[in-house]
2 protein chains.
Amino acid sequence: MDLSYNPRVGAIEASLIRAIAAKKTPDSIDLGLGEPTLLPQQRFIDAAASWAAVNGLRYTVNAGDPALRERIAAHYAYPGMESARNVCITIGSQEAVYVAIKTLLDPATDELLIVTPSFPAYAKIAQLEGVAHRHVDLAADDGFGYDVDRILDALGPSTRMLVIGSPSNPTGRILRDAQARRLAAGLLDRTGPPVWVLQDEIYRELTYIDDAGYLANYYPNTIVANSLSKSNALTGMRLGWLIAPDEPIGQLVKTHSWVTATANTFAQRVAFEIFGEPGALQEQSRWYRERHVLVERALGASGLRYVPIDGAFYACVRLPDGGDSLAAALELVERRGVVAIPGSIFGDTLEGWLRLTWVAPLEQFTEGLSRIAAL
Amino acid sequence: MDLSYNPRVGAIEASLIRAIAAKKTPDSIDLGLGEPTLLPQQRFIDAAASWAAVNGLRYTVNAGDPALRERIAAHYAYPGMESARNVCITIGSQEAVYVAIKTLLDPATDELLIVTPSFPAYAKIAQLEGVAHRHVDLAADDGFGYDVDRILDALGPSTRMLVIGSPSNPTGRILRDAQARRLAAGLLDRTGPPVWVLQDEIYRELTYIDDAGYLANYYPNTIVANSLSKSNALTGMRLGWLIAPDEPIGQLVKTHSWVTATANTFAQRVAFEIFGEPGALQEQSRWYRERHVLVERALGASGLRYVPIDGAFYACVRLPDGGDSLAAALELVERRGVVAIPGSIFGDTLEGWLRLTWVAPLEQFTEGLSRIAAL
C-alpha cells in the first residue's frame with residue numbers, strides 16, 4: 001500500500017506559466033512576469049521597522065489589526081461594509097480569494113461561475129476545494145468587454161457565486177460603472193437562488209479610464225478581494241484583504257483563522273502607514289498612466305491586433321496566425337528570446353492571443369512586439 | 001432561498017480561548033496568552049528593511065527563497081531531507097500544518113490520529129477539510145508522557161497520519177529520543193498501511209532536557225512543521241516552514257501555492273539573517289531556561305499538582321477539586337482576576353487541569369497560582 005494523498009491535490013496540473021518561465025535565459029526579454037518592477041515606498045517599510053522596535057511583532061486578532069481594518073473600510077466605504085468588522089486582512093489577495101471560495105460555496109451542491117478570460121487561480125481553487133465551476137466567455141469581437149447580458153444568461157440553477165476580476169488580468173479590460181449597475185440590477189431581479197459576487201480588485205489603482213465599476217457599490221452580496229501587491233509594488237509583502245457584508249464576514253474570518261491564523265503584523269503596519277497617508281495608495285499610479293500612453297502607441301505601431309487597455313499592466317495581442325498560443329509561447333521563449341504567456345491558460349476564449357506585461361523597459365516591450373509580429 | 005455557505009465552516013464552533021480572553025480586564029493576571037513577551041531581535045528586522053531598500057519586496061518562488069530553504073534544510077539536516085528542495089516556507093506553522101493535513105490525507109478514506117492533550121488546531125483543520133480524526137490520550141498518571149505502545153496500539157486500519165506536537169502545547173512534555181526511536185521502529189514494523197507522521201516542533205528551541213526526540217531522524221515518512229514564532233518572539237512575522245521528503249514535497253508546495261501563493265519576502269529575509277548567524281535561533285532560549293527553574297520552584301511551592309515541564313512555556317496544574325476546567329476558568333477570569341485556559345479544550349484527558357503560560361512577570365505567575373490553589 002502506498003502513502004496517502006488527497007487526490008484533488010494530485011489532479012491539479014503543474015503551472016504552464018512556470019514551465020515557460022523556467023526556459024527563460026539571462027538574455028530573454030521578459031514580458032511574462034506579473035509584478036511591478038518599481039521599488040516599494042521605503043518610508044513605509046522603515047516606519048514599520050521602527051514601530052516593531054518598540055512594540056515587537058506580536059499576533060493581531062485573527063481578522064487583523066482593528067485600526068488597519070477601520071482605515072481600509074473607511075477608504076472604500078462600500079455601502080453596508082463601512083466598518084472595521086467588515087474587513088479581514090489576508091495573505092495577499094490569493095488567500096482572500098481562497099478563503100472566499102472555500103467558505104461561501106458548499107462543494108456538495110454549489111457552482112462557481114467564472115468570467116473568462118481570467119486569472120487561473122479561481123478555477124484552480126475551486127478544483128482544490130472540490131467545487132464545481134463553469135466559465136462564461138467574454139468575446140474577442142467585443143474586445144473582451146464585460147457583456148452583462150451574457151454574464152446574467154450564464155447563471156445556472158446551482159450557481160451560487162460569480163467571480164469577476166476587474167480590472168482584468170489578463171485582458172486589462174474594466175467593468176464600467178454602468179455595467180456594474182446593470183449587473184447588480186440583473187442579479188437582484190433574478191428568480192433563482194441568491195448569488196455571491198466575488199470581485200477581485202487587485203489592479204484597482206491602475207486604471208486609465210474614469211468610470212470603473214465596483215459591484216460592491218450596488219449589489220449587497222458582494223465580497224471584495226484586494227491587496228497592496230500591485231498598487232504599491234509590494235507583491236512580496238503578501239498583504240491583502242477581504243471586504244464583506246456583516247452576514248458572511250464571521251465565517252470568512254473563521255476559515256482564515258484555521259488556514260493561516262493571522263496576517264503578518266509587520267505587513268499590517270506597512271499597510272496602516274499607507275492607508276494613513278493621503279495619496280500613498282495612488283502614488284505609483286502616475287508611472288503606470290504615463291507608461292500606458294507609450295504602450296498603446298507601441299501596440300498601435302506594431303501592426304498586431306490588441307485589446308484596448310483600460311487598466312492593469314498587461315497587453316493582450318493576437319498572434320499573427322491566430323494559432324496555438326502555447327506553441328507560440330514556447331517558440332518565443334526557446335528560439336526568439338521573448339517570455340510571453342499563452343492566452344489559453346486564461347480560458348479558451350483567449351486562445352490565439354498572448355498576454356504581455358509592460359512593466360519592463362519600454363524598448364524591450366517594443367522589441368518583443370516586433371519579434372511576435374515576425375512569427 | 002438563503003445565501004450559500006460551506007457547512008463544514010459553519011460547523012466549527014467559536015474558540016473558547018477567545019471567549020475567555022474577551023472577559024479579561026486591565027487588572028487581570030494574564031496566564032492565557034500563547035506568545036512570548038520578549039521583543040524580537042531588532043537587528044534582523046533592520047537588516048531586512050535595508051535589504052528591501054535595494055531589492056524591493058518581490059515574489060519569491062512558491063516554495064520560498066532557495067537560499068533560505070537551503071539554510072533551513074542544512075540546519076536541521078534530517079536524513080533524506082537535507083536539501084533546499086525539501087523545504088516549503090509557509091505562513092507560520094499554522095499554514096504548515098494546514099497544508100500537510102490537506103495535502104496528505106484523502107477525506108474519502110483516511111483518518112488522522114492526534115496525540116492528545118494537543119493544540120486544538122489539528123482537529124479543527126481536519127474538521128474543516130472533512131477528514132476523519134481520532135485521538136489517543138496520554139495519561140495523567142504518567143504525567144502525560146509519550147507512551148509509545150499506547151500510540152502504536154491506537155493506529156487503526158484507516159489511520160494514514162499521526163500528528164504529534166513535541167515539545168507539547170499544552171503540557172510542556174517532550175518526546176524523548178529513545179521514544180522517537182521506538183515509535184519509528186514500531187511504525188516501520190507495522191503491517192497496516194504506511195502512516196505519515198507530522199511532528200509540530202514549534203517549541204523546539206525551548207527545551208529543558210537533553211534528549212528531545214525528533215521522528216524525522218528515524219522515520220522516513222515524517223513531515224516537520226516549525227516556525228520562528230516562539231524561538232525568536234516573532235509570532236507576528238508569520239514565518240514557518242514544512243520539511244518533507246522528496247516524494248511529498250511537490251504536492252505540499254502545490255497546495256501552498258493555491259492557498260497563499262508564497263510567504264512574505266520580508267519575513268523570509270529576516271529568517272535568512274537568523275539562520276545565517278550561529279546561535280541566533282537559540283539566543284532567547286537562555287531567558288526561558290532561567291525562568292523555567294524559577295517556575296518549577298513556584299509550582300512546587302504552590303501545593304498544586306503539576307506536570308513536569310520539559311519544554312515550551314506552559315505549565316499544566318490540576319484544579320484543587322479536579323473538576324470542570326471551563327467552569328473554573330470562567331470563575332477565575334470573572335471573579336479572581338486570572339486568565340487561564342481550561343484543559344478540556346486540549347482533549348478530554350486534560351479535563352480537571354488548567355494551562356498557564358509563564359512568560360508574564362514571575363510575581364504575577366506566583367500570584368495566579370495562589371488564586372488557583374484557593375479555588
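Which strand of chain B pairs with strand 5 of chain B in the parallel sense over 5 bridges? The partner is strand 6 of chain B, residues 196–200. I shall return to that sheet after a few words on the model.

Colleagues, this is a predicted model, in which local features need pLDDT of at least 70 and side-chain atom pairs count only at pLDDT 80 or more, while totals for chains, interfaces and linings use all residues. Residues are numbered from 1 along each chain as its sequence is written, and chains are lettered from A and ligands numbered from 1 in the order in which they are written.

On confidence, the model scores ipTM 0.97 and pTM 0.97. Chain A has a mean pLDDT of 96, with 100% of its residues at 70 or more; pLDDT is the predictor's confidence in each residue, on a scale from 0 to 100.

Let me describe chain A as a whole. It contains 13 helices and 12 strands, where helices (H or I, at least four residues) and strands (E, at least two) are DSSP runs numbered from the N terminus. The radius of gyration of chain A is 21 Å, close to the 21 Å that the globule rule gives for 375 residues, so chain A is as compact as a globular protein of that length. That radius is taken over C-alpha atoms, and the rule is 2.2 Å times the number of residues to the power 0.38. Along the principal axes, the C-alpha atoms of chain A fill a box of roughly 60 × 55 × 55 Å.

Of the 375 residues in chain A, 55% are buried. A residue is buried if 20 or more other C-beta atoms lie within 10 Å of its own, exposed if 12 or fewer, and partly exposed in between, with C-beta atoms placed from the backbone. Among contacts in chain A between residues at least 6 apart in sequence, 76% join residues at least 24 apart; a contact requires C-beta atoms, placed from the backbone, within 7 Å.

A:Asp210 counts as exposed because it has 7 C-beta neighbours inside 10 Å. Its C-alpha atom is separated by 25 Å from that of A:Pro40, 170 residues apart along the chain.

I turn now to the interface. Here 62 residues of chain A are in contact with 62 residues of chain B. The elements of chain A that give two or more residues to this side include helix 1 (7–10), helix 3 (42–55) and helix 9 (246–259). The largest share, 7 residues, comes from helix 5 of chain A. By class, the side of chain A that touches chain B has 33 nonpolar, 18 polar and 11 charged residues. In this classification Ala, Val, Leu, Ile, Met, Phe, Trp, Tyr, Cys and Pro are nonpolar, Asp, Glu, Lys and Arg are charged, and the others, Gly among them, are polar.

Two strands pair if DSSP finds at least two bridges between them. Strand 5 (residues 159–165) of chain B has 7 of its 7 residues buried. In its pairing with strand 6, B:Leu162 has B:Val197 as bridge partner. Strand 5 also pairs with strand 3 (residues 111–116) of chain B in the parallel sense, over 4 bridges, and B:Leu112 stands opposite B:Met161. In strand 3 of chain B, 5 of the 6 residues are buried. Strand 3 runs parallel to strand 4 (residues 132–137) of chain B, joined by 6 bridges, with B:Thr116 partnered by B:Asp137.

A separate topic is the open antiparallel sheet of 3 strands in chain B, in the order 9-12-11. Strand 9 (314–318) and strand 11 (341–342) stand at the edges, each with a single partner strand, so one side of each is left without a neighbour in the sheet. Strand 9 and strand 12 (residues 353–357) of chain B pair over 5 bridges, and B:Arg318 has B:Trp353 as its bridge partner.

Finally, helix 4 (residues 66–76) of chain B has B:Leu68, B:Arg69 and B:Ile72 as its buried residues. They cover an arc of only 100 degrees around the axis, which puts them on the same side of helix 4 of chain B; the arc is that of the directions from the helix axis to the C-beta atoms. These buried residues pack against strand 2 (87–91), strand 8 (239–243) and helix 10 (265–276) of chain B. Just after helix 4 of chain B, B:Ala77 takes a positive phi of about 50 degrees.

Terms used
Contact = placed C-beta atoms within 7 Å.
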